[in-house]
Every structure is written in C-alpha cells, then in structure tokens.
Amino acid sequence: MTLTTTIETNGTEIEVDLDELDKYGYYYLNEARNLIIRAIVYTHGTKDSRWVETSEIGTDYTISEVEVDIDELKRFVNAELNLTLTDEEAEHIATYYQEQGHEVVSHWMDDFSGDRILSKADYKIISTDVEEPLLGWEFEFEDLITRIAAITELPDREIQWKLFNAARSASPGDFEYSAKVELTGTPL
C-alpha cells in the first residue's frame with residue numbers, strides 16, 4: 001500500500017505518493033527539491049496500515065529562532081532563584097538564548113550534507129546539546145549574575161545554569177539549544 005497525501009497548491013489539489021520521495025524525519029522531498037512536505041505518518045504497526053494526518057508544503061526551508069515564553073521564564077527564575085526579573089531582563093535572557101540556539105543549529109547544519117538536517121527535526125524543532133552550553137553567559141549577564149549572587153550566595157556557575165535552564169524550559173526542544181524549521185515558497 002502506497003502512502004499518499006493530497007496537497008493543495010495554487011488552488012489545485014494534487015495527490016502525492018510519499019513513498020516516492022526522499023524522507024528526512026517528518027520531511028519528504030522530491031528529487032528536484034521543488035517540493036517539500038512535512039507530514040506526520042501514523043501506523044497500526046504494518047506498512048499497509050499507514051496514513052497521513054497533517055501536512056505542510058513548501059519549496060524550501062529556513063532555520064529560525066524558537067519562541068521563548070517570557071512569563072514561563074520569569075516563573076522559573078522566581079521559583080529557582082527567588083528573584084523577580086524585570087521585563088527587560090527576561091527579554092534579554094530570552095533573546096540571547098534564541099540567538100544562541102539559532103547560531104548553534106545553523107553551525108550544526110554545516111556538518112550535514114544536503115537536507116539531512118531535516119531528519120534531526122522533531123516536528124518543526126531541531127534541538128541539540130553542545131559541549132559548552134554556558135559559553136558567553138557569564139559575560140552577557142555579568143551584572144545580573146552579580147546581583148543574584150549577592151542575594152542567594154550561590155556560585156556564579158550555578159546561577160548561569162539556572163538562567164540558562166529557565167530559558168530552555170520556556171522554549172520548545174528536548175536538548176540544550178533549539179531552532180525551528182519553517183517551510184517557505186509555494187510549489188507550482
């Protein structure tokens with residue numbers, strides 16, 4: 001049983017056989033790479049019992065920053081460090097984390113040939129651990145870390161971890177840094 005899905009492009013419905021496309025995780029690409037389909041395929045355990053629930057289409061993809069839930073970040077910092085962040089401080093942490101995640105995943109893409117990076121996406125999120133996740137945090141948040149250390153008497157490194165984990169916990173992704181895949185373009 002072939003796995004097909006119907007896509008709509010420019011007002012026309014087209015049936016596509018996903019088994020004939022190159023598969024990278026949730027993403028299916030045709031050889032000419034002018035069609036990319038993100039599809040969630042379900043099964044009852046056999047190849048003959050597969051079906052596609054949802055799909056998104058495009059002709060290309062970009063890697064962009066994940067969203068960080070500022071309120072969740074502030075709640076986590078308050079719970080872990082007994083500190084109420086200002087909106088500006090929370091935005092700064094969120095923005096720094098987003099930029100670092102985008103940079104990490106973009107560099108990671110260089111290690112993959114072709115479109116293999118898509119196989120690392122969990123739904124739309126690409127997430128990875130890095131050797132030194134706190135690199136730069138001590139300088140970027142030096143004043144905030146000093147203020148927290150004076151209140152809590154925690155070591156600077158532990159404060160950095162708590163700030164980092166607040167941002168990570170308030171964003172999608174299973175690992176230290178994340179970015180999201182966005183499909184762009186309309187197939188002809």
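Asn 82 is exposed, with a relative accessible area of 66%. This residue sits in the loop between α1 and α2. The model is predicted.

- Asn 82 counts as exposed because its 66% lies over the 50% cut-off.
- The phi angle of Asn 82 is near 55 degrees, which is positive although the residue is not glycine.
- Most residues other than glycine have a negative phi.

**Helices α1 and α2**

- Helix α1 covers residues 70-81, and helix α2 covers residues 87-109.
- Their axes come within 10 Å and cross at roughly 105 degrees.
- That angle makes α1 roughly perpendicular to α2.
- On the α1 side, the contact is made by Ile 70, Leu 73 and Lys 74.
- On the α2 side, Asp 87, Ala 90, Glu 91, Ile 93 and Ala 94 take part.
- By class, this contact has five nonpolar residues, three charged residues and no polar ones.

**Helices α4 and α5**

- Helix α4 runs over residues 142-152, and helix α5 over residues 156-169.
- The two pack at an angle of about 115 degrees, and their axes are 10 Å apart.
- α4 and α5 are therefore roughly perpendicular to each other.
- The crossing of α4 past α5 is right-handed.
- From α4, the contact draws on Leu 144, Ile 145, Ile 148, Ala 149 and Thr 152.
- From α5, the partners are Asp 156, Ile 159, Gln 160 and Leu 163.
- The contact of α4 with α5 divides into six nonpolar residues, two polar and one charged.

- Glu 140 belongs to helix α3, residues 137-140.
- Glu 140 is partly exposed, at a relative accessible area of 35%.
- Leaving aside residues up to four places away in sequence, Glu 140 touches His 92 and Tyr 96.
- The side chains of Glu 140 and His 92 make a polar contact of 2.6 Å.
- Tyr 61 is 79 residues from Glu 140 along the chain, and their C-alpha atoms are separated by 31 Å.

- Arg 38 is found in strand β5, residues 36-42.
- Arg 38 is buried, with a relative accessible area of 5%.
- A polar contact of 3.4 Å joins the side chain of Arg 38 to that of Tyr 123.
- Tyr 123 lies in the loop between β8 (121-122) and β9 (125-128).
- Tyr 123 is partly exposed, at 38% relative accessible area.
- Tyr 123 has a positive phi, near 65 degrees, and is a residue other than glycine.

**Leu 18, a buried loop residue**

- Leu 18 is in the loop between β2 (12-17) and β3 (22-24).
- Leu 18 has a relative accessible area of 1%, so it falls under the 20% cut-off for buried.
- Setting aside residues up to four places away in sequence, Leu 18 touches Leu 3, Thr 4, Thr 5, Tyr 28, Ile 37, Ala 39 and Val 52.
- One of these contacts, Tyr 28, is ten residues from Leu 18 in sequence, with 6.7 Å between their C-alpha atoms.

Notes. Residues numbered from 1 in each chain as written. Predicted model: local features only at pLDDT ≥ 70, side-chain atom pairs only at ≥ 80, totals over all residues. Heavy atoms only, no water. Axes fitted to C-alpha atoms, helices over the stretch in contact; angles between N-to-C directions. Helix = DSSP H or I, 4+ residues; strand = E, 2+ residues; numbered from the N terminus. Parallel < 35°, antiparallel > 145°, perpendicular 65-115°, else oblique. Left-handed = near helix turned anticlockwise from the far one by under 90°. Contact = heavy atoms within 4.5 Å. Nonpolar A, V, L, I, M, F, W, Y, C, P; charged D, E, K, R; others polar. Buried < 20%, exposed > 50% of the residue type's maximum accessible area, 1.4 Å probe, protein only. Polar contact = N/O pair within 3.5 Å; in protein donor to acceptor, adjacent residues only side chain to side chain.
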